[in-house]
Amino acid sequence: MAIRISKSKYLNGLQCPKLLWTQFNQRDLIPEPGAGQMHIFNTGHEIGDLAKLLYPDGIEVPMNYEDLAATDHETAVLLNCPSADRVPIFEASVLIDNRYCRVDVLVPVPDETGEEPNRWDLVEVKSSTRVRDVNINDVAFQYDALTRAGIVLRTLSLMHVNTGYVRGEEFDVKQFFHLEDITDRVHNVLEYVPRTVNKMLNVITGPDPDTPIGKRCTSPYTCPLISQCWSVLPDNNVTDLYFSGGRAFGYLDEGLFSIADVPDERLTHQQKIQKKAIIANAPHTNAKQLHNWLGELAYPVYHLDFETMNPALPPFPGVRPYQRIPFQFSLHIQDSPGDEPRHVAFLAREASDPRAALVEALHAIGDEGSILAWAMGFEKGVLNDMAELFPAEAEWLAGLTERMVDLMVPFRSFWYHHPDQKGSCSLKAVLPAITNLSYSELEIADGNHASRAYAEVVYGQADEKTKQAVLDQLLAYCELDTFAMVEILRALQTV
Ligand code: SF4
């Protein structure tokens with residue numbers, strides 16, 4: 001059977017020859033996409049369908065997976081119809097010279113001079129908010145395939161989400177999108193496409209290229225084979241180095257696999273501490289700095305965490321695409337060091353703007369005392385957003401941000417570092433390393449999942465039972481985020 005390189009396989013091949021080879025030769029090794037990946041796909045489809053509304057005369061080429069040649073033929077019929085009957089075509093399909101692609105939109109160019117009767121503008125629709133290099137390569141591949149099939153293209157554009165759009169009472173599809181001409185950028189890389197496709201055909205028909213791991217494993221996308229390719233690395237390997245950047249892959253190229261093998265003179269101050277803790281298999285502490293920092297805390301201490309969603313489609317007026325919207329918080333309050341905390345929770349349950357009720361509930365925070373958050377830039381950002389939205393509360397909210405203290409600081413400063421953190425200072429890494437708690441038992445165990453699950457059950461079609469179950473899971477998740485901070489603070493107070 002002839003090899004068909006689709007545009008997604010072409011992009012896979014640009015990222016890594018081994019990934020491309022596996023796609024064609026050991027497809028069963030590629031795991032099914034996870035929930036996060038599916039969410040991205042679904043958002044892409046939703047936005048693709050929305051873009052079609054901008055071309056009300058458009059016709060979609062029906063997909064026949066069993067017979068791509070038939071789909072290709074349907075496209076040819078639409079492309080070659082009389083000039084007066086030409087309409088925008090969705091999912092035009094081209095199968096030629098080992099290439100296969102479907103084009104989001106082909107728009108007929110009016111033939112004003114009568115000399116160029118069958119030209120088209122190509123529009124690629126993306127759910128992203130800007131043009132990326134990967135989009136240029138994507139469209140270059142499409143251009144190469146379409147021109148081989150004799151289709152004459154005038155302009156090439158990317159239609160992406162316009163983050164400057166603020167939704168009014170009605171959703172305005174036209175304002176939601178931004179059409180950006182990328183013709184010149186695509187033409188700049190066109191000459192590489194045929195050469196690259198030929199190389200890819202050789203890779204596909206050759207032996208496993210055994211490509212070394214590197215930056216390519218996470219750029220431009222996280223590779224689905226990462227858990228397999230990276231499983232050969234030992235525990236505490238150089239990719240776990242705190243803020244290693246690309247240097248970890250340089251170490252691997254040199255044969256330096258374990259953090260313990262990297263000479264001290266090549267490590268940063270924090271990385272040296274990490275290495276020392278790994279070799280000693282014990283936490284590193286700087287008691288003096290820790291005690292100074294703990295001494296600055298003012299009681300009552302409020303442990304605060306927000307959950308937010310950032311839907312592509314603004315769900316109510318006054319909101320931009322992908323704008324951060326807080327829908328939940330958890331607050332644990334300790335009146336004095338070591339106290340059992342009191343807990344306050346807020347979770348908006350209805351599909352309406354939750355922000356006014358959330359700000360009102362935040363008044364559970366008293367007028368004095370430190371407000372602890374983990375990586376507090378996020379919580380401060382939410383409070384600043386609310387101050388902008390509710391001018392009458394702005395002064396009070398500004399006062400809250402001034403009282404905020406970042407519980408991540410002792411870890412980011414390496415005044416406390418446990419080898420089980422694996423070079424990460426995230427709450428999810430620190431909690432199980434220094435307490436008996438972890439997120440492993442929870443149905444919802446990270447912020448992205450919380451955001452997706454919330455939007456699905458509150459703004460989607462979930463039945464009441466499912467909705468209640470997920471809202472309970474969200475309450476449990478957010479509560480643990482702030483209880484984790486209580487327990488981590490306790491652990492630091494015992495050093
Ligand atoms: S994990 Fe890295 S080396 Fe392995 S296939 Fe993916 S990109 Fe290639």
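These are legends for several close-up views of a predicted model.

**Figure 1. The whole chain, to get your bearings.**
Of its 495 residues, 46% count as buried. The chain exposes about 24100 Å², and carbon and sulfur atoms supply 50% of that area. If you take contacts between residues at least 6 apart in sequence, 68% of them join residues at least 24 apart.

**Figure 2. A nonpolar patch on the surface.**
Start on the outside, with Met38, Ile40 and Phe41, which form a nonpolar patch on the surface. To find the spot, look for helix 3 (residues 35-52), where isoleucine 40 sits.

**Figure 3. The largest nonpolar core.**
Now go inside, to the largest nonpolar core, which has 69 residues. The residues with the most contacts inside it are Trp293, Leu362, Trp374, Leu407, Phe411, Tyr454 and Ile488. Helix 19 (residues 464-493) gives the most to this core, with 11 residues. Tryptophan 293 is a handy landmark: leaving out residues up to four places away in sequence, it touches Leu372, Val405, Asp406, Leu407, Val409, Pro410, Trp415 and Leu489.

**Figure 4. A second core.**
There is also a second, separate core, made of 37 residues. Leu11, Ala92, Val131 and Val197 are among them.

**Figure 5. Valine 94 and its neighbours.**
This view settles on valine 94, found in strand 3. With a relative accessible area of 3%, valine 94 is buried. Who are its neighbours? Not counting residues up to four places away in sequence, valine 94 touches Asp72, Arg99, Tyr100, Cys101, Ala145, Leu146, Ala149 and Ile151. Threonine 71 is 23 residues from valine 94 in sequence, and their C-alpha atoms are 8.2 Å apart in space.

**Figure 6. Strand 5, covered on both faces.**
Strand 5 is mostly covered, with seven of its seven residues buried. In a regular strand, side chains alternate between the two faces of the sheet. Here, one side of strand 5 carries Arg119, Asp121, Val123 and Val125, the other carries Trp120, Leu122 and Glu124, and all of these are buried.

**Figure 7. The strands paired with strand 5.**
Stay with strand 5 and look at its pairings. Strand 4 and strand 5 run antiparallel and are joined by four bridges. One spot to look for is leucine 106, whose bridge partner in strand 5 is leucine 122. Strand 6 pairs with strand 5 in the parallel sense, over six bridges. There, arginine 119 has valine 152 of strand 6 as its bridge partner.

Arginine 154 and aspartate 121 form a salt bridge, with their closest N and O atoms 2.7 Å apart. The pair links distant parts of the chain, since arginine 154 belongs to strand 6 (residues 152-161) and aspartate 121 to strand 5 (residues 119-125), 33 residues apart. Are the two partners buried or exposed? Arginine 154 is partly exposed, at 39% relative accessible area, while aspartate 121 is buried, at 12%.

**Figure 8. A salt bridge from a loop to helix 5.**
By the rule used here, the model holds 25 salt bridges. One joins the side chains of aspartate 97 and arginine 148, at 2.9 Å from N to O. Aspartate 97 lies in the loop between strand 3 (89-96) and strand 4 (99-108), and arginine 148 lies in helix 5 (residues 133-148), so the pair ties together parts that are 51 residues apart in sequence. Aspartate 97 is partly exposed, with a relative accessible area of 40%, and arginine 148 is also partly exposed, at 34%.

Aspartate 133 is exposed, with a relative accessible area of 57%, whereas arginine 185 counts as partly exposed, at 37%. Elsewhere, salt bridges that share partners join Lys7, Glu124, Lys126 and Asp138 into one network.

Terms used. Residues numbered from 1 in each chain as written. Predicted model: local features only at pLDDT ≥ 70, side-chain atom pairs only at ≥ 80, totals over all residues. Heavy atoms only, no water. Patch = residues over 30% accessible without salt bridge, like charges linked within 9 Å, V, L, I, M, F, W, Y side chains within 5 Å. Areas by Shrake-Rupley, 256 points an atom, 1.4 Å probe, with all protein chains shown as cover. Salt bridge = Lys/Arg side-chain N within 4 Å of Asp/Glu carboxyl O. Helix = DSSP H or I, 4+ residues; strand = E, 2+ residues; numbered from the N terminus. Buried < 20%, exposed > 50% of the residue type's maximum accessible area, 1.4 Å probe, protein only. Core = buried A, V, L, I, M, F, W, Y, C linked by side-chain atoms within 4.5 Å. Contact = heavy atoms within 4.5 Å. Pairing = 2+ DSSP bridges.
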